[in-house]
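Here is a friendly walk through a protein model, written for someone who likes to know the cut-offs behind each term. Take a look at the structure, then read on.

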Amino acid sequence: MTAPIPRDIPNLPAIPGVPALLPSPVPATAVVTPVRRPLTAVYRLLVALVAAGAVTVDLLLGSPVRVLSHFAIQSNILLALVLVLSARRAWSARRPLPSALTGATLLYVAVTGLVYHLLLVDAATPFSVTSGSLTGWQTITNHVLHTVTPAAAALDWLLLTSPGRLHLRQAAAWLLYPLAYLAFSLGRGELIVPGTRGRYLYPFLDVDLHGYKSVLGNALLLGLAFYALAILLVALDHIRPNLIRHRPKTGFRLGPPVG
């Protein structure tokens with residue numbers, strides 16, 4: 001025999017200490033079918049091949065140790081590696097590389113192009129250098145490494161990358177490599193006999209001409225400019241339109257109402 005069910009069940013008090021359920025964001029990759037992007041993969045692979053080819057030619061025509069010491073060479077090697085990995089992920093419909101890595105690569109190749117065009121080849125600056133010693137293939141590779149690949153990397157970021165992935169907290173970390181390069185460049189100069197041609201690779205870091213005080217001042221100004229550029233890239237990344245938006249496929253369709 002069962003007990004009768006009471007008609008009026010009193011409201012039970014809330015159990016203290018039980019937090020309310022909060023909405024948990026679900027990554028889009030968990031519900032959206034990954035999309036292959038073969039054209040993006042092909043473009044990135046071509047740019048990577050161009051950068052790697054220019055670096056290879058410079059290594060064959062000059063001293064490998066000296067060539068590999070240049071910031072432009074190092075940044076283009078990094079760009080080639082990152083673009084190859086990004087091309088593979090775009091081809092196989094995998095998640096993109098971490099934005100901390102792609103943003104740093106973009107910053108370094110942008111610095112390569114801007115420093116070259118605004119400081120090194122501009123006759124109005126005190127750090128301008130003449131490219132008369134470059135002939136033949138070296139002139140071509142110099143143009144590719146300082147103009148073509150930075151422009152291609154910027155186009156990839158603007159046209160083939162989803163916006164809003166860069167973050168302000170990453171900007172300071174991106175400056176660690178330029179700081180390490182400064183220490184490397186000054187240390188390299190100390191190991192080379194004074195008076196040797198090309199002891200310092202860049203005129204604004206030439207201690208023989210300007211002294212340590214001026215060189216460190218130049219490095220500080222460049223560091224501030226690099227940080228401002230990094231912040232600008234983050235800001236632009238959050239306001240630029242999404243040019244690769246596509247209609248996601250969730251794996252099911254809602255049919256029309258019946259009746």
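## A nonpolar patch and the helices behind it

Helix α1 gives the largest share of the nonpolar patch, 4 residues. The patch is formed on the surface by Val 42, Leu 45, Leu 46, Leu 49, Val 84 and Trp 91, with about 560 Å² of accessible area together. Two elements give two or more residues to it: α1 (38-61) and α3 (71-91). Patch members have over 30% relative accessible area and no salt bridge, with like charges joined within 9 Å and nonpolar side chains (Val, Leu, Ile, Met, Phe, Trp, Tyr) within 5 Å. Areas come from the Shrake-Rupley method with a 1.4 Å probe, and for residues only the protein chains shown count as cover.

A word on the source: this is a predicted model, where local features need pLDDT of at least 70, side-chain atom pairs count only at pLDDT 80 or more, and totals for chains, interfaces and linings use all residues. Residues are numbered from 1 along each chain as its sequence is written, and side-chain values use heavy atoms, leaving out hydrogens and water.

Trp 91 lies in helix α3. Its relative accessible area of 46% makes Trp 91 partly exposed, a class between buried (under 20%) and exposed (over 50%).

Overall, the protein has 8 helices and 0 strands; these are DSSP runs numbered from the N terminus (helices H or I, at least four residues; strands E, at least two). Of its 259 residues, 34% count as buried.

How does α1 pack? Against α3, the angle is about 155° with the axes 8 Å apart, which makes the two roughly antiparallel. Angles run from 0 to 180 degrees between N-to-C directions, and axes are lines fitted to C-alpha atoms, for helices over the stretch in contact. Roughly antiparallel means over 145 degrees. Helix α5 (residues 137-160) also packs with α1 at about 155°, with axes 10 Å apart.

Now for the charged pairs. A salt bridge is a side-chain nitrogen of Lys or Arg within 4 Å of a carboxyl oxygen of Asp or Glu, and the count by this rule is 3.

| Salt bridge | N to O distance |
|---|---|
| Arg 44 and Asp 156 | 2.7 Å |
| Asp 208 and Arg 199 | 2.9 Å |
| Arg 240 and Asp 237 | 2.9 Å |

Arg 44 sits in α1 and Asp 156 in α5, so their pair ties together parts that are 112 residues apart in sequence. Arg 44 and Asp 156 are buried, and Arg 240 and Asp 237 are buried too. Arg 199 counts as buried at 6% relative accessibility, whereas Asp 208 is partly exposed at 46%.

Key
Buried < 20%, exposed > 50% of the residue type's maximum accessible area, 1.4 Å probe, protein only. Parallel < 35°, antiparallel > 145°, perpendicular 65-115°, else oblique.
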